[in-house]
Amino acid sequence: MTTLTPQKPAVPQPEGDTTPAPEPRPAQDPAWRELVDAVREAGQYPTRSEAESVTRIVLSALGGHVVGDERVDLARALPEEAARVVASQIPATRQLTAAEFVDSVAARIEGATPATARWDVSSVLSVLPPLVGDELVTRILDQLPPGYALLFGRAELTPAA
């Protein structure tokens, strides 16, 4: 059975230009709500709104540092809204250490300190392994500098010398 998708309505522009209408805000899908609720529980945030804000900020920061197939696979494994946040980021020009990553998140959250930002980052990243799978998290960690495993709730293993 073939399903047709209706065309987006055009926004009339001067001289007959027909630009597609902007995407409407997606309805809060259940998978996105579940992700935010998991972050709220992990981080013990008092409101759903605070958990959602932290989730968006951390995923957008992560989206700039995960590249290639891992970025595509991460976006596919996440709820649609989270995937959009990750995929919309321009890849970073320089990899950040885990501490620099936490500091970059702290700079995006009003009133955050490195300690509170580490809590925020861990609250979001630690809920990802059950959602996206341990194999994908391992691949993501393989492309990031040392130190990120702890942010994902994993032990940082180093090879013996």
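Predicted model: local features only at pLDDT ≥ 70, side-chain atom pairs only at ≥ 80, totals over all residues.
Buried, in what follows, means under 20% relative accessible area.

Helix H3 runs over residues 68-77, and its buried residues are Glu70, Arg71, Leu74 and Ala75. A helix has 3.6 residues a turn, so residues three or four places apart point the same way. What do the buried residues of H3 pack against? The partners are H2, helix H4 (80-87), helix H7 (128-132) and helix H8 (134-143).

Next, the largest pocket. Its volume is about 170 Å³. Helix H2 (48-63) and helix H6 (114-125) are the elements that give two or more residues to the lining, and H2 gives the most, with four. By class, the lining divides into six nonpolar, two polar and three charged residues. Among them are Tyr45, Glu50, Ile57, Trp119 and Asp120.

Last, the aromatic rings. The structure holds one aromatic pair. The ring centres of phenylalanine 101 and tyrosine 148 are 5.4 Å apart and the planes stand at 55 degrees, so the pair counts as tilted. The pair links distant parts of the chain, 47 residues apart: phenylalanine 101 belongs to helix H5 (residues 98-108) and tyrosine 148 to helix H9 (residues 148-151). Are these two residues buried or exposed? Both phenylalanine 101 and tyrosine 148 are buried.

Terms used. Residues numbered from 1 in each chain as written. Heavy atoms only, no water. Phe/Tyr/Trp six-rings, centres within 6.5 Å; stacked < 30°, edge-to-face > 60°. Buried < 20%, exposed > 50% of the residue type's maximum accessible area, 1.4 Å probe, protein only. 1 Å grid on protein atoms, 1.4 Å probe; cavity = no way out; pocket = protein on both sides within 12 Å on 5 of 7 lines; lining within 4 Å. Points joined across faces, edges and corners; volume = space filled by probe spheres on them. Nonpolar A, V, L, I, M, F, W, Y, C, P; charged D, E, K, R; others polar. Contact = heavy atoms within 4.5 Å.
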